[in-house]
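Please look over the sequence and the model before reading on.

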Amino acid sequence: MIFRAVEDTDLIRQACRGSVESYNLLVSRWEKRVYNYLLRVTRNREDALDLAQDVFLKAYQNLRKLDDPGRFGPWLYRIAHNEAFSLFRKRKPEVDADSVDPGATDTGITVGGSSVFPIELSLAVSSALGRLSPDQREAVTLKIYQGFKFEEMAEILACPVSTVKSRLYTALELLKRELAPLSPRGAS
Amino acid sequence: MSCSPFDLRDYYLKELTDPQQRQVEFHVRDCPACREELDRLRLTEAALLSLREEEIPQRIAFVSDPVFEPSRAARWWGAFWGSPARLGFAGASLVSAALLFSALTRPAGTSTGGGLPAAEVDRRIQAAVAASEVRQTARTTQLVHELVERVNTEQYARQVAENDARIARQDAYKAEIASGDYMTLASNQGGSR
């Protein structure tokens, strides 16, 4: 069990009063999760890191607008979601995330075009995730990797729970088709 | 299509209520198709989780850059309330301003006697002084009278005492004469001269 002397809500209140140290501590608690969420969604380390910086900057600037400090997590992911999809829209003319060539992502998460996951299973998973649309990939990330409930996902994505479930279950069907035959080999 | 009473994916992701979860569990025990579907979901999730979280390559740190600090007004306001000296000075300034405002806004000519003219004030003062002088004179007269009475009384008492003493001496003289001791008396009187 991890004991936290100071809760996130206390840190948020202190940060609202101008304590940069409190906000830095809050960032250190959430940066890995937010970075990995952005990495799954964007599939690019540089983008994920840049976006994470922007997310925490915007969160700090808008911290006083957060009505319930207990909802900091979903609120932060909502900002991250907006930042990621804002990037997608900016790049749409050159890279349409919905129409990414599956073959281009077969090598997994890339940095400067080189693969960083040599393990077969990881490649297969990365490839399967790459075939999903950004919306579907984000739903999988929020549910499987971040562990949010449907209600929280609906809050983050600003859409009904039914839409969240539709995206997630469509994605799971695709992933199941890709990964279920492979997993006994790689996971065992 | 699943024959489960509730969506197996909802069950697997623990999004059902407790009674619903139990119903699906009960169903899955006797349904090989649903068990197989659940196994596939488990394998899929296990494969997805093989993709581990990465460490962030560069820590995100916020330094005390002015852009992240409170505004100048907010900092001044905080410092103001945190300084008793400044607060005291502000209070004194407020009182001074109120006094100045009061002095500047009070109408002229009504500052004497609550609106009475100066002549009336003088007249009342003179009347009060005269009444006081009368009271003082009467008191002085009374004191003098009491003093005179006391002196007279004391003088009368002294005269009475002297008379009583002279009468007593005369009585003693007469008594000696009557007893025949005249010569003694005469010699005493002659010796004393």
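## Helices, contacts and single residues

Chain B has 7 helices and 0 strands; helices (H or I, at least four residues) and strands (E, at least two) are DSSP runs, numbered from the N terminus. Along the sequence, chain B reads α-α-α-α-α-α-α. The model is predicted: local features need pLDDT of at least 70 and side-chain atom pairs count only at pLDDT 80 or more, while totals for chains, interfaces and linings use all residues. Residues are numbered from 1 along each chain as its sequence is written, and chains are lettered from A and ligands numbered from 1 in the order in which they are written.

Of the 193 residues of chain B, 5% count as buried. A residue is buried if 20 or more other C-beta atoms lie within 10 Å of its own, exposed if 12 or fewer, and partly exposed in between, with C-beta atoms placed from the backbone. Among contacts in chain B between residues at least 6 apart in sequence, 32% join residues at least 24 apart. Two residues are in contact if their C-beta atoms, placed from the backbone, lie within 7 Å.

**Helix α2 of chain A**

Helix α2 of chain A covers residues 20-42 and spans only 29 Å between its end C-alpha atoms, whereas a straight helix of 23 residues would span 33 Å at 1.5 Å a residue. The expected span is 1.5 Å times one less than the number of residues. α2(A) has a kink of about 45°, centred on A:Trp30; the bend at a residue is the angle between axes fitted to the seven residues ending there and the seven starting there.

A:Trp30 also belongs to the contact of α2(A) with α4(A), together with A:Val34, A:Tyr37, A:Leu38, A:Val41 and A:Thr42 of α2(A). On the α4(A) side are A:Leu76, A:Tyr77, A:Ala80, A:Ala84 and A:Leu87.

**Two helix pairs**

Two packed helices are described by the angle between their axes and the distance between the axes. Axes are lines fitted to C-alpha atoms, for helices over the stretch in contact, and angles run from 0 to 180 degrees between N-to-C directions.

| Helix pair | Axes come within | Crossing angle |
|---|---|---|
| α2(A) and α4(A) (residues 72-90) | 10 Å | roughly 35° |
| α5(A) (residues 120-130) and α8(A) (residues 161-179) | 10 Å | roughly 150° |

In α5(A), A:Ala124, A:Val125 and A:Ala128 meet A:Leu175, A:Glu178 and A:Leu179 of α8(A).

**Where chain A touches chain B**

The contact takes 34 residues from chain A and 26 residues from chain B. On the side of chain A, α2(A) gives the most, with 9 residues.

**Single residues**

Which residue follows α2(A)? A:Arg43 does, and its phi is positive, near 65°. A:Arg43 is not a glycine, and lies in the loop between α2 and α3 of chain A. A:Arg43 is buried because 20 other C-beta atoms lie within 10 Å.

A:Ala158 has a positive phi of about 55° although it is not a glycine. It lies in the loop between α7 (150-157) and α8 of chain A. A:Ala158 counts as exposed because it has 10 C-beta neighbours inside 10 Å.

A:Leu129 lies in helix α5 of chain A and is buried, with 25 other C-beta atoms within 10 Å. The C-alpha atoms of A:Leu129 and A:Val41 are separated by 9.3 Å, although these residues are 88 residues apart along the chain.
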